[in-house]
Amino acid sequence: MIKFFRKIRFDLMENNKTAKYLAYAIGEIVLVVIGILIALQLNNHNETIKTNKFEREIISLINQNLEQDSIALSARLMEAKQGNYLTDSLIAQVANKNYADNLNQWMGKIICFERFQSQSSAFEVLKAKGIESVSYNQLQLELISYYDEYLFSLYKSLEDVEYSFKTDWIPVLKTQFLDFKWRDYSVPIDSKSFFEDKSNIVLFKLFRDNRDGGIEQMEANLKKIAEIRKQIKEVYK
């Protein structure tokens, strides 16, 4: 009987040891899990900080690029508008049979075209990283619209004017002009003969109308830039 109770006591002691070991093991597992969760939380927090920092930095660079685009576009727009204004003035002068030398300076600013290249390096970096790095969906859409749609339309409009210059005006400049300097002057061999040729006047009008498309698109792009920069200012205070 004594042996029996001793055995029971021994078994209870062993069970207690096992329970203690099991509790200790569970406690260790819980501590490890808690440690992992804390580490993950800290890592996520650090990643969030990095992501937010990248977003603000890239948006700041994009804003700078947009400002550069705005300055360059405004200059090209002024040149294009001046070209079309002088075109109308020239046509009016020719209608009055006034072929004065000042028309040569006017034609220097008329018979040319505008070029523009967007500063889009920051947006390309953003696209490589992922457009979703910008946390504001509306701004994502606005940036995609400007860089992928508005710029495409602008380039197409400006290319049309350049193509018209190369295909329509270059042959005329080679055969009917004595001298030519880009945006400075164009000197016909015989002003009276040149301006009394109705096909040349039609050429001026066609070129003016073609340039109108570029002017319209430049104005649209400048408006879009202003809208995006305003949104950036409001969102990233």
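Ring pairs join Y99, W169, F177, F194, F195, F204 and F207 into a cluster. Rings of Phe, Tyr and Trp (its six-membered ring) pair if their centres lie within 6.5 Å, with planes under 30 degrees apart called stacked, over 60 edge-to-face and the rest tilted. The model is a predicted one, in which local features need pLDDT of at least 70 and side-chain atom pairs count only at pLDDT 80 or more, while totals for chains, interfaces and linings use all residues. Residues are numbered from 1 along each chain as its sequence is written, and side-chain values use heavy atoms, with hydrogens and water left out.

The count of aromatic pairs comes to 13. Y99 and F195 are stacked, at 5.8 Å centre to centre with 15° between the planes. Y99 sits in the loop between α1 (2-95) and α2 (102-110) and F195 in helix α5 (residues 191-196), so this pair ties together parts 96 residues apart in sequence. Y99 and F195 are buried (under 20% relative accessible area, 1.4 Å probe, protein chains only). F194 and F204 go edge-to-face instead, at 6.2 Å and 85°, and both are buried too.

Turning to the nonpolar cores (buried Ala, Val, Leu, Ile, Met, Phe, Trp, Tyr and Cys residues joined through side-chain atoms within 4.5 Å), the largest has 28 residues, and I59, I62, L66, L126, L139, L143 and Y147 touch the most other members. Its largest share, 8 residues, comes from α1. Another core, of 21 residues, lies apart from it and includes L90, V161, F195 and I201.

Notes
Helix = DSSP H or I, 4+ residues; strand = E, 2+ residues; numbered from the N terminus. Buried < 20%, exposed > 50% of the residue type's maximum accessible area, 1.4 Å probe, protein only.
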